[in-house]
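Here is a short tour of the structure shown below. Have it open as you read, and follow along from one region to the next.

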Amino acid sequence: MRFNGQKNDYTMTFSFFSFKTVRALVLCCTVLHLFGCSTERAQTEEWPFTPEVQEFVEIYAETGGEKLEIWMGDDTVPGPQESLEAFETPEGLVMELVASEPLIRQPIDLHFDERGRLWVVQYRQYPFPAGITINFYDQYLRAGFDGVPQAPPNQIEGSDVITVLEDTDGDGVFDSAKDVITGLNITTSVLTGGGGVWVMNPPYLLFYPDENGDGLPDGDPEVRLEGFGLEDTHSLASSLTWGPDGWIYGVHGSTSTAEVRGIRFLGQAVWRYHPKTDEFELFSEGGGNPWTLSFDRKGRAFSGHNGGNTRGFHWVQGGRYDKNWPKHGPFTRPHSFGSFPVMEHDGYSARFSMTFTVYEEGKLSGYEGQLISGMAMTSRVQASKFFSDGSTFRTVDTDSIVMTSDRSFRPVDTKAGPDGAVYFADWCDIRMDHLDPRDTWDKSCGRIWRLQSENYRPVRPFNLAEKSSEELMELLGDERKWYREQARRLLGERKETSLAPRLRRQAVEGTGQLALESLWTANLIDGMDSEWSAVLTEHPDAAVRAWTVRLIGDFGMVTEQVQSALLRLAAREEDPEVRSQIASTARYLPVELSLGLISELNRLSGVSEDKHIPLLIWWALEEIITTDAEAVMAWLENSDHWQTSLFRNHLAERIARRFAAERGENLSFTRIDPYENWIEYAYYPRSRMPDYKGDYTEWETNYTPEISKRNLNRLARLLEKTPGPELLDKMFTGMAAGLDQGPPLQEAPESLTSLIERKWNELDQTGAFLYTAAQLGYPEAVEKMVSLTEDPDIGEAERARAAGLLTADRGREAYLTHCALCHQSDGSGMERLATPLQNSEWILGPESTLIRIVLNGFQGEMAMPPMKTLSDNEIAEILTYIRSVWGHDAGAVSSAAIRGVREETGDRGRMWTIQELSEFTGQE
């Protein structure tokens, strides 16, 4: 690692001119002649593989590598001028080149500092970390290494570079370039502020002191955090961003794990770190493969996603979002019992709106407040509007604001600049598919583009750090989000406490954005106090109320005045986002106050129907069960709580499941050993092995008699007071699911067995009640369960299916694991890649035809690969699920039917064609 210790080192001054000028065209032609993008790829002997891994890669290339070759075809990366000419934009917008190869190669992250300088992370070391060797891959191409790279300055040098571009004369051309940090090894993000430069260099978060802010580090970096994983260098910790609260936020990709400060999480998260208090925590977890975190003017957090038919995630504090459970494992909390989906979307449905910014800079007419998404997979830039969806949002596409025929346009980061334009880091490669272990990436090119208005006017050189505090205070009221964010951060770093009273008055007496900015800035300077916080809970602006609640939770302020203010707010609050934040914050407050807030939210109309609030309330309640279960039992003695739709529809079943599931002193999950005979995985590219090696289990409990008895006795107490058969059914459904987690129940307490005996003739002997009674060993229930199946030796899972229980959850899980990546979670398919499943004649038609397609694949306008490596049960669950959702009612598919077709088709090794299937079924 080298840092630029003198201003003249590693400095290159030149001009990035618009291609509309002759001199730029000459420069472009010269660059292309000397340094044009190469089609040459890295050689296998340079790859850091053991001989066994080399064998794995060769097998993988033979069995699945053709997918990459077909995807890339004969296309090559065009030169910058040709790429520029291929862009199509709406009237009033233009694309301009900011920088390109040879200076910029493989850019992955952009950041503007308070001087308007553009910081660029060049990810040239990708995909293999320097200095360590890959010992194995699993079937998801997660790598195992023989060590962990050391942190700078002691590491083996890599090829990653952080470069600073600057427009020194304000003509809109970045005429100076400086490599300020070099020799980095797998670096995903850079952020300035707090007296230096923050660098995400997994497994480390590094801080380079830079006291004078000239962009040149003053010395070696400090390691602030460590433990971020490296298993998949396509999905690491990344996207460093300052939050309005003074924390540094980042996201974590899907296929790498982490253990930071004792917090173990399996990727897929938004995390945050406070540079002053040195605290680290997960802000939210789950989701897909998030990238590029963006805060809007109200402080809401959004990130892109690699799935289809969505623009990504709206992240709320403490949220838990959909995951591919077997591949990515469970949440950090064992009793989540639910998750949030992506934002609903209407518009272009193809995958990969992985990077975006919420645009609020006032320079692109017609797009203020819209999401501007760089879509790397489909080489386009899409604009979308936000619409409220309860406490969250949905998106609707407006314009495709950048289109191109250039397949190498791969926008992987999007940032708004101080000039009001939108900048894109263009990875610039025909290859986009990372599901191939070979390093055949084009290392020779990379571009940075600027989307601007036709009447674009650059900004003159400036340095906000040199402005007085009074001038920065004025900028808090600026219409442009970028300037407000910079002013807020700089004022927070100066910590002039004399400004705090004025800011607090502005927050209390002001309205709209200035009130919110004043709240944030006062908090950064001097924190929160109880009197001020209590007053702000009465503020007319919902965002101010929501952020007040959030900051109260962060600071743990629990004075009597604050408690009273929060309870009053919860009892009358109508805004769904404020309600959502109250539910989130309840987790961080004392038990009595937390239960009081839950009680007030439970009474509010409309809460039960919200997409986020019911689960946020459950997660708060579940944490109290973990720390003080008897307090929750006492809370449940109040029968009023049981009468609400929130309790009936969301809490009752989960409470019963929670008590039934915890039957031991240890909760754990495991990952089936993926490294025994791991080379075999190469024969099954992009699918699971038949024996499921490498998949995570759910959280499970051990069996400790005293704990089991204590929790089941609590459950019996709740069942005794449960009013009405409908609510009892929900309680038994939850109880059945909880008893299914972990080892079988060895002994049921007398309180439960006597209750079952009394209820046996009172209730319908079907469904959840029947199944639960059988789980508890009630003889008549066991006999009846066995009679429901033809084979008395069939397993418990099949008995549950016979009783009509749990099938939907297993089928949905299997579908999300194996099918949703292409066909989407809602079955809408993906343009040019996967056909829609909604109302498909193949889904709704004869089951034997559908089974043939799944077992052997289908070759038509779009190809579907065979899935015969899945078990009969798994395929049956998937097909039953997709024939019963999205308005379908085509009937269940049994594992016996799968087995019969599998035997009938035998060793068929080719896909079905539409002609063959038509002849077979007699359909046209």
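## A pair of helices

In helix 11, residues A542, R545, A546, V549, R550 and G553 meet V578, Q581, I582 and T585 of helix 13, where contact means heavy atoms within 4.5 Å. By class, this contact of helix 11 with helix 13 has 5 nonpolar, 3 polar and 2 charged residues. Here Ala, Val, Leu, Ile, Met, Phe, Trp, Tyr, Cys and Pro count as nonpolar, Asp, Glu, Lys and Arg as charged, and the others, Gly among them, as polar.

The axes of helix 11 (residues 542–555) and helix 13 (residues 576–585) come within 9 Å and cross at roughly 5 degrees. Axes are lines fitted to C-alpha atoms, for helices over the stretch in contact, with angles running from 0 to 180 degrees between N-to-C directions. Helix 11 and helix 13 are therefore roughly parallel to each other, a label for angles under 35 degrees.

## About the model

This is a predicted model, in which local features need pLDDT of at least 70 and side-chain atom pairs count only at pLDDT 80 or more, while totals for chains, interfaces and linings use all residues. Residues are numbered from 1 along each chain as its sequence is written, and side-chain values use heavy atoms, with hydrogens and water left out.

Helices (H or I, at least four residues) and strands (E, at least two) are DSSP runs, numbered from the N terminus. In strand 8 (residues 160–166), 6 of the 7 residues are buried, so this strand is largely enclosed by the rest of the structure. Buried means under 20% relative accessible area (1.4 Å probe, protein chains only).

Two strands pair if DSSP finds at least two bridges between them. Strand 8 pairs in the antiparallel sense with strand 5 (residues 118–122) over 5 bridges, and V120 has T163 in strand 8 as its bridge partner. Strand 8 also pairs in the antiparallel sense with strand 9 (residues 176–184), over 6 bridges; there E166 stands opposite S176.

## Nonpolar cores

A nonpolar core is a set of buried Ala, Val, Leu, Ile, Met, Phe, Trp, Tyr and Cys residues joined through side-chain atoms within 4.5 Å. The largest has 161 residues, of which L118, L165, Y423, I448, L519 and F732 touch the most other members. Helix 15 (residues 613–636) gives the most to this core, with 16 residues. Apart from it lies another core of 30 residues, including I851, I875, A897 and V901.

## A look at V422

V422 is found in strand 30 (residues 422–426) and counts as buried, at 0% relative accessibility. Not counting residues up to four places away in sequence, V422 touches T357, Y359, L364, I372, T414, K415, A416, W449, R450 and L451.

Technical notes. Buried means under 20% relative accessible area, exposed over 50%, partly exposed in between (1.4 Å probe, protein chains only). Angles under 35 degrees count as roughly parallel, over 145 as roughly antiparallel, 65 to 115 as roughly perpendicular and the rest as oblique.
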